[in-house]
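Here is a short report on one protein model.

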Amino acid sequence: MERRTIGAGALSVGAVGLGCMPMSWAYSASRRRGEESLRALHRALDSGVTLLDTADMYGPFTNELLVGRVLKERRAEAFVSTKVGLVVGEQHIVTNGRPGYVRRACDASLRRLQTDVIDLYQLHRADPEVPVEETWGAMADLVQAGKVRSLGLCAMGVRGGRRPAAGPENGGGNGLYDATIRQLERVQQVFPVSAVQAELSVWSREALAALLPWCVARGVGFLAAMPLGNGFLSGTLTPGEGFEPDDLRARHPRFTAEMMAANQPVVAGLRRVAARHGEQVTPAQAALAWVLSRGVHVVPVPGTKRERWAAENAAAAGLRLTERDLAEITGLPQALGSWE
């Protein structure tokens with residue numbers, strides 16, 4: 001697989017990563033199978049994927065434990081990314097950016113992951129009660145201590161109602177990540193940012209307006225979260241099929257039966273592009289190839305818990321879209337429905 005560089009430290013990873021969250025968090029619990037998830041992790045590594053993206057809150061904790069079982073056997077083949085800053089309670093999730101907590105959380109993640117160093121430690125969310133410089137300083141201390149190799153920040157867009165209308169390329173996202181960019185400017189004064197993780201897909205392009213250019217100008221890697229639109233862009237979801245109550249899509253306005261039906265032209269466009277490259281090429285691969293085409297430092301991190309999808313997603317790194325393909329995908333209709 002093609003390799004891509006994250007950050008000024010020239011950290012090298014496979015062009016497509018693996019989001020591990022669905023293996024133990026946010027999606028249908030009844031469809032989680034520990035052994036199948038382990039097979040998916042192994043297949044991803046076999047396919048050239050190196051970046052494994054997890055977080056202490058996924059589960060909570062069980063996702064890191066799962067990834068740790070694979071790292072125990074194949075640590076040298078993996079680039080480990082995990083996150084800190086969110087704490088899961090009984091009925092709520094809270095932020096915690098206190099330096100003491102960050103240090104304890106890192107040590108706990110290292111134990112669960114069965115490794116002595118985390119390749120990329122990301123701040124999941126900034127704590128409004130703690131200056132972000134203090135949290136970032138504690139994370140930088142972990143680099144100095146040899147427990148962490150590099151630091152990243154997860155971007156949080158501030159959305160207000162329905163998406164604004166705009167041209168097809170930038171998705172109307174001007175201003176969406178202004179607060180994140182201000183945070184990045186502040187923490188960059190404390191310790192270099194190696195990567196920013198934010199949503200980017202064919203139907204969520206807001207990061208192209210200002211956030212991705214900020215990263216490109218500074219040599220910062222960009223981890224594209226949800227590059228398959230929570231599964232919609234794969235073309236495997238049926239409008240009206242419904243989701244289990246614990247599935248995050250059950251509460252998303254864009255995943256109502258009406259909105260899923262209305263957005264089928266987006267999937268149809270991806271199918272047309274994929275078909276030009278052969279019967280085995282899928283809409284998901286076309287969607288991932290479009291994300292990869294956004295820049296040499298962009299690494300899509302599609303999440304899955306299935307071996308089949310892990311292999312399919314990894315193979316997207318070898319798909320080369322033509323100028324016609326790129327123009328057609330970029331010109332697809334704006335997704336309908338709120339993304340709240």
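## A buried arginine

The side chain of Arg254 reaches the backbone oxygen of Trp203 at 3.2 Å. Arg254 sits in the loop between strand 11 (221-225) and helix 7 (257-262). Helices (H or I, at least four residues) and strands (E, at least two) are DSSP runs, numbered from the N terminus.

Arg254 is buried (under 20% relative accessible area, with a 1.4 Å probe and protein chains only). Yet Arg254 has no salt bridge (a side-chain nitrogen of Lys or Arg within 4 Å of a carboxyl oxygen of Asp or Glu). The nearest side chain of opposite charge, Glu206, is 5.8 Å away.

## About the model

This is a predicted model, where local features need pLDDT of at least 70, side-chain atom pairs count only at pLDDT 80 or more, and totals for chains, interfaces and linings use all residues. Residues are numbered from 1 along each chain as its sequence is written, and side-chain values use heavy atoms, with hydrogens and water left out.

## The second largest pocket

A pocket is an open set of points on a 1 Å grid over the protein atoms alone, where a 1.4 Å probe fits, with protein on both sides within 12 Å along at least five of seven lines; lining residues have an atom within 4 Å of a point. The second largest pocket has a volume of about 160 Å³. Its lining has 11 residues, and Arg125, Ala126, Met156, Thr180 and Gln183 lie nearest its centre. Strand 9 (151-154) and helix 5 (178-188) each give two or more residues to this lining. Helix 5 supplies the largest share, 3 residues.

## A buried valine

Val193 lies in the loop between helix 5 and strand 10 (195-199). Val193 counts as buried because its relative accessibility is 4%.

Conventions. Buried means under 20% relative accessible area, exposed over 50%, partly exposed in between (1.4 Å probe, protein chains only). Lys and Arg count as positive and Asp and Glu as negative; His and the chain ends are not counted. A polar contact is a pair of N or O atoms within 3.5 Å; within protein, one must be able to donate a hydrogen and the other to accept it, and residues adjacent in sequence count only if both atoms are side-chain atoms. Grid points are joined across faces, edges and corners, and a volume is the space filled by probe spheres set on the points.
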